[in-house]
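I opened the model to look up a few local features and wrote down what I found. The entries follow in the order I took them.

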Amino acid sequence: METTWIKDPLAIFTATMKDNGAAQSVQGGIVIQGSRILETLARGERPSVPIDVIVDASQHVVTPGLINAHHHFYQTLTRAYPEALNKELFHWLKSLYPVWAGLDEEMMRVATELALVEMMMSGCTTASDHHYLLPHGLEKAIDIQVDAAQQLGIRAILTRGSMSLGEEQGGLPPQHTIQHEDAIIDDSLRLIREYHQADDGAMVQIALAPCSPFSVTTELMKETALVARQHGVMLHTHLCETKDEEQFCLKRFGYRPVDYLEEVGWLHERTWLAHGIHFNDEEIRRLGQAQVGICHCPTSNMMLASGICRNKELEAAGAKVGIGVDGSASNDGSNMIAEVRMAMYLQRLRYGSAEVTHFDALRWATAGSAAAMGRNDIGKIKAGMQADIAMFKLDDIRFSGSHDPLAALLLCGAQQADRVMVAGKWRVVDGRVQGVDLDDLMARHSAAAKRLAMKAR
Ligand SMILES: Nc1nc2[nH]c(O)nc2c(=O)[nH]1
């Protein structure tokens, strides 16, 4: 097995560190053997095995590969969409559902590729997606995502989303965007059977993800929880994103959203929730006790004016807090390192500067996202972990005059990784995703976005 030494990094983030001092123990770099981290080295220490490749990291800030815990790849086709501008969640969704209903396989493929490439360029090594629109003709949306992720070599946690509660049944989505529940369950089982890898180092995982309380039935929530338990896969949904959703739950189910979650059998450590903003203190305690994962999506929460997640209190209670860019129609980018910066700043508005450091934000985007999605083999630079690594250069004008390199990564606003390794393989070199013609991808993507908009007119 090939060995690589990422040698003498300028700075390195280790997920549990609270200050720069702790990082001195790995300042000599990281030794990778095959797909795993073999050892970390103290400054001046030499590798214990013969080395095939040395990568000089003296100009790089090194982090574990960033882990995106919530996205909707297809939404890259409806960025800055005129009819959806300046709206809050329910109105925003209502203006976009009919557009998204026009998605076809070609659009899905190029939207997935573009979202994955954008994330890899920003230091992401594991990408999760929540795909809940599977209109007639797009039943193979998740198969397309699996194929694209495998071609690019990024780790993927793909959630089989669903919508079954249409407007006619009192739900939010239009009738033509929902599916029959039998078809949803059958397809969930098929996807698990065909693609889910349960082993350490898994490159593709499937999770089950009814979309939100206002777009699926209680029966589907319950049935999905049973299937997930039987097959050992994770559960994912949007929860407590807005006050509208809370009102919907109270009116339709007679429960607040977290009580509803418990009622349908989802309040446990195999569930992670997107957004998780409007919890009260008692709900935070219960979510923590149950070790539920929460994906904080700061940019989307600001863009849709949804509110601010209570990251620190959730973490202190025992919940697993990660970070996600959310779909690119409510961000409207898919830049993971930029999202980490947003998380740090938005959380400071809630807790104050001294309480939220760049270490916190980086921990959420690495070990936090991994734990939220039930992974203990990624998210940390440590012997035995998967070799998923991001390397950033501080050679852009925005870093000029900066002192602490790790702090500069977020404070000066890094945008792009120089190198990214997934499972021991370099997937980004000199800022370029290997095997991808970026101009061609962007041209195909922008043509697909125009075609989708034309269909909606
Ligand atoms: N930010 C988002 N929230 C959502 N809720 C829901 O049901 N769908 C979405 C979505 O696409 N983005």
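Entry 1, a strand pair. I began with Ile 32 and found that its bridge partner in strand 4 is Ile 37. This is a predicted model, and I read the entries below with that in mind. Strand 3 (residues 29-33) and strand 4 run antiparallel, and I noted five bridges joining them.

I traced the strand order as 4-3-1-5 in an open sheet of four strands, with mixed pairing. Strand 4 (36-41) and strand 5 (53-56) are the edge strands; each has a single partner strand, so one side of each lacks a neighbour in the sheet. I recorded an average twist of 20 degrees from one strand to the next.

I checked UniProt, where an unreviewed entry lists residues 61-426 as "domain: Amidohydrolase-related". In the model this span is 40% helix and 16% strand, and its end C-alpha atoms lie 16 Å apart.

I counted 17 residues in helix 3 (residues 105-121) and found 24 Å from its first C-alpha to its last, close to the 24 Å expected at 1.5 Å a residue. Of these 17 residues, 13 are buried, so helix 3 is largely enclosed by the rest of the structure. At its start, I found a side-chain oxygen of Asp 104 within 3.1 Å of the backbone nitrogen of Glu 106. Just after the helix, Gly 123 has a positive phi of about 95 degrees.

I located Ser 328 in the loop between strand 14 (320-323) and helix 12 (336-351). Is Ser 328 buried or exposed? I put it down as buried, because its relative accessibility is 0%. Its side chain makes a polar contact with the side chain of Ser 334 at 2.7 Å and reaches the backbone oxygen of Gly 333 at 3.3 Å. Leaving out residues up to four places away in sequence, I listed what Ser 328 touches, including His 71, His 72, Gln 75, Thr 76 and Arg 79.

At the start of helix 12, a side-chain oxygen of Asn 335 comes within 3.2 Å of the backbone nitrogen of Ile 337. I found Ile 337 among the buried residues of the helix, which also include Glu 339 and Gln 347. Gly 352 follows helix 12 and has a positive phi, near 95 degrees.

Definitions and conventions:
Residues are numbered from 1 along each chain as its sequence is written. This is a predicted model: local features need pLDDT of at least 70, side-chain atom pairs count only at pLDDT 80 or more; totals for chains, interfaces and linings use all residues. Side-chain values use heavy atoms; hydrogens and water are left out. UniProt positions are given in the numbering used here, feature names are shortened, and annotations may be inferred rather than shown by experiment. Helices (H or I, at least four residues) and strands (E, at least two) are DSSP runs, numbered from the N terminus. Buried means under 20% relative accessible area, exposed over 50%, partly exposed in between (1.4 Å probe, protein chains only). A polar contact is a pair of N or O atoms within 3.5 Å; within protein, one must be able to donate a hydrogen and the other to accept it, and residues adjacent in sequence count only if both atoms are side-chain atoms. Contact means heavy atoms within 4.5 Å. The expected span of a helix is 1.5 Å times one less than its number of residues. Two strands pair if DSSP finds at least two bridges between them. Axes are lines fitted to C-alpha atoms, for helices over the stretch in contact, and angles run from 0 to 180 degrees between N-to-C directions.
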